[in-house]
Amino acid sequence: MTSRLCLLGTCCVLLFSVCVPAWGQDVILDWNSVALQVNVIDHNGPDTPGDQLSDTQGPPASARVLALVHAAMFDAYNAIDPRYTSYLGQPIPSPPGASVDAAVAQAAHDVIVGLFPGDQSPRPEIRDFVGDALQTTLGGVKSKPGRNK
């Protein structure tokens with residue numbers, strides 16, 4: 001059953017990756033793809049009985065992870081281009097000239113890294129994957145001063 005779910009998840013990710021713009025054209029879609037791929041990485045492994053799943057495995061936990069990543073990305077984007085009330089319920093200050101792409105990528109990265117702990121926090125394969133994705137996003141930030149804000 002678990003292998004069928006992993007196969008279904010992988011097919012959904014592959015289908016999604018065909019339907020979205022190329023990497024770097026939309027930071028929200030880029031990091032949604034990263035979060036979905038981390039979900040696949042987290043679920044690939046030995047079959048685990050339902051009562052022994054980690055806090056990030058299984059449909060409800062996967063939905064929770066994606067919701068937290070998207071809430072963080074929303075607040076990061078909204079801090080730089082404020083149009084709505086943040087999920088925190090208060091304005092989030094951002095320095096002038098800060099990069100939306102850098103802020104969104106860093107927020108998504110930090111939530112993912114914090115949600116997927118392991119013997120080495122976070123699990124090495126997840127840490128490396130999201131670290132590479134963060135460097136790719138930051139490498140494409142046009143305003144270099146905004147990278148560090």
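Me: What makes the span of helix H2 (residues 27-43) close to the expected one?
Reply: This is a predicted model. H2 has 17 residues. The expected span takes 1.5 Å times one less than that number, which gives 24 Å for H2.

Me: What does it take to call Trp31 and Val34 of H2 buried?
Reply: Relative accessible area under 20%. Trp31 and Val34 are buried, as are Val38 and Ile41, among others in H2. In the protein, buried residues make up 36% of the 149 residues.

Me: Which residues touch the most other members of the largest nonpolar core?
Reply: That core has 28 residues, and Trp31, Val34, Val38, Val69, Ile112, Phe116 and Val130 touch the most other members. H2, helix H3 (59-80), helix H4 (100-115) and helix H5 (124-139) each give two or more residues to this core. H4 gives the largest share, ten residues.

Me: Which residues does Val69 touch, beyond those up to four places away in sequence?
Reply: Ala35, Ala108, Val111 and Ile112. Touching here means heavy atoms within 4.5 Å.

Me: How many helices and strands are there?
Reply: Five helices and zero strands, so the order from the N terminus reads α-α-α-α-α.

Key:
Residues numbered from 1 in each chain as written. Predicted model: local features only at pLDDT ≥ 70, side-chain atom pairs only at ≥ 80, totals over all residues. Heavy atoms only, no water. Helix = DSSP H or I, 4+ residues; strand = E, 2+ residues; numbered from the N terminus. Buried < 20%, exposed > 50% of the residue type's maximum accessible area, 1.4 Å probe, protein only. Core = buried A, V, L, I, M, F, W, Y, C linked by side-chain atoms within 4.5 Å.
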